[in-house]
Amino acid sequence: MATIRFGFRRLNFHLLRRSFLLLKLTAFVIAVLLFCEFLIYYLVIVWCNWPEIKTPAHDSERETLEPVLKAMFLADTHLLGEVRGHWLDKLRREWQMERAFQTALWLLRPEVVFILGDIFDEGKWSSPQAWADDVERFQKMFRHPPHVQLKVVVGNHDIGFHYQMSTYRIKRFEKIFNPERLFSWKGINFVMVNSIALEGDGCNICSEAEAELIEISHKLNCSLKQEQHSRRCEDGQPLPASAPVLLQHFPLYRRSDANCSGDDAAPPEERGIPFRERYDALSREASQKLLWWLRPRLVLSGHTHSACEVLHGAGIPELSVPSFSWRNRNNPSFIMGSMTPMDYALAKCYLPCEDTVLITYCGAAGFLVVRILVHFGLLASPSPFGWKLLRKFKTSWWSSGSKALTGGMAQKH
């Protein structure tokens, strides 16, 4: 009878021990998942801060600060479609973008967010049903409170390159995103350009796009009182007297990324590859037209998936915004801009690296395997070996320290 009781106790002890192990392993897995899929975004983005800008405006008696607009700029989200998009790839990369965007909204509280084209990966050929599905996923991922405005610039993957572009695809895109060519807020003018339509070959879409830009140019000139006597300045609501910020998908013409640098620039082996006009960047002619018509104080673009800073003309800066997706970069980022009508300051905010998350998962998986093998006796526990090494190290350290101390005292005497 005593033997049976002992057997039951031993069995219960083993079951309890296994249950406790299972509980610990489950808690460990949940902790790793929470860290890699939620907490890591907060731990990384919390270090991002809005750049400070102070542009005092003098009145007769006191100095006041102009209101500052907090704007986020991101690019090339490339939501995968039904043709080239694997379900696991969609799940992994789209979850990353959703968590990054929602965390940035919660921590940084921007007033307006601009996405600089290539929202979708297959908008240039997707069917009506596939387009509707992609739009629904985008609206879920990039949901935002009513007080935050979301502005979108069209990219070549949304409507196709010039030879693929059609009125149908443009209207389909504009029906969802209702893009404004000219957007003004807090005294700041933003001009959003369909850079795919700046081919310069006289096609109907291109002609309409250029006519719109010329009209915007006249309005901006009127606001800066450069066309005071023009009849066009008499009609319509005047714009803020501020040089615009130009937003587009294609970068302005540059030979290559050879002069670009930084952690999120193109890889060194790719920087010297020449850019093709109308494919990798706008043509020289289109770039000169935009700079002449709009006279921007700052240009922001996407398309290259990598960061780059260049100066155009009389020192007009352009910043290429890297891709927001792990699918295109291991270290995605976005731009934070503090803006006033006369000045601006920009800062970059990096997202978690994909490698960091993968290494964390691999390390956790290795720990689980070792822990399970040790529990079932298939692998010797590393703990005794570790304690032996520690005791050996302490002994040798104490011995060498004693000798050094004795030698030092002998030298003194």
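Reader: At what angle do helix 2 and helix 3 pack?

Author: Before we start, keep in mind that this is a predicted model. Helix 2 covers residues 87–108 and helix 3 covers residues 128–141. Their axes are 9 Å apart, and the packing angle is about 40°.

Reader: Is helix 2 roughly parallel or oblique to helix 3?

Author: An angle has to be under 35 degrees to count as roughly parallel. Helix 2 and helix 3 pack at about 40°. That makes helix 2, relative to helix 3, oblique.

Reader: Which residues of helix 3 make the contact?

Author: On the helix 2 side you'll find Lys 90, Glu 94, Met 97, Glu 98, Phe 101 and Gln 102. Sorted by class, the contact of helix 2 with helix 3 has three nonpolar, one polar and five charged residues. From helix 3, the residues taking part are Arg 137, Lys 140 and Met 141.

Reader: How about helix 6 and helix 8: are they roughly parallel or oblique to each other?

Author: Helix 6 spans residues 204–223, and helix 8 spans residues 284–294. They pack at about 30°, with axes 8 Å apart. Angles under 35 degrees count as roughly parallel. So the word for helix 6 and helix 8 is roughly parallel.

Reader: How many nonpolar residues does the contact of helix 6 with helix 8 have?

Author: Helix 6 brings Glu 210, Leu 213, Ile 214, Ile 216, Ser 217 and Leu 220. Helix 8 meets them with Lys 289, Leu 290, Trp 293 and Leu 294. By class, there is one polar residue, there are two charged ones, and the nonpolar count is seven.

Reader: Now the cysteines. Which residue does a disulfide join to Cys 48?

Author: The structure holds two disulfides, and Cys 48 belongs to one of them, with an S to S distance of 2.0 Å. The link is right-handed, with 80° about the S-S bond.

Reader: Is the disulfide of Cys 260 and Cys 308 left-handed or right-handed?

Author: Cys 260 and Cys 308 are joined with an S to S distance of 1.9 Å. Cys 260 lies in the loop between strand 8 (245–247) and helix 7 (268–271) and Cys 308 in strand 10 (residues 308–312), so this pair ties together parts 48 residues apart in sequence. Both cysteines are buried. The torsion about their S-S bond is about -70°, so the disulfide is left-handed.

Reader: What is the phi of Asp 118?

Author: Asp 118 is in the loop between strand 4 (112–116) and helix 3. With 1% relative accessibility, Asp 118 counts as buried. Though Asp 118 is not a glycine, its phi is positive, at about 55°.

Reader: How far apart in space are Pro 238 and Cys 222, C-alpha to C-alpha?

Author: Pro 238 has its place in the loop between helix 6 and strand 8. At 70% relative accessibility, Pro 238 counts as exposed. Pro 238 and Cys 222 are 16 residues apart in sequence, and in space their C-alpha distance is 7.4 Å.

Reader: Last one: how far apart are the end C-alpha atoms of residues 21–44?

Author: An unreviewed UniProt entry lists residues 21–44 as "transmembrane region". In the model, this stretch is 100% helix and 0% strand. The distance between its end C-alpha atoms is 32 Å.

Conventions:
Residues numbered from 1 in each chain as written. Predicted model: local features only at pLDDT ≥ 70, side-chain atom pairs only at ≥ 80, totals over all residues. Heavy atoms only, no water. Disulfide = S-S within 2.5 Å. Helix = DSSP H or I, 4+ residues; strand = E, 2+ residues; numbered from the N terminus. Buried < 20%, exposed > 50% of the residue type's maximum accessible area, 1.4 Å probe, protein only. Axes fitted to C-alpha atoms, helices over the stretch in contact; angles between N-to-C directions. Parallel < 35°, antiparallel > 145°, perpendicular 65-115°, else oblique. Contact = heavy atoms within 4.5 Å. Nonpolar A, V, L, I, M, F, W, Y, C, P; charged D, E, K, R; others polar. UniProt positions renumbered as here; feature names shortened; annotations may be inferred.
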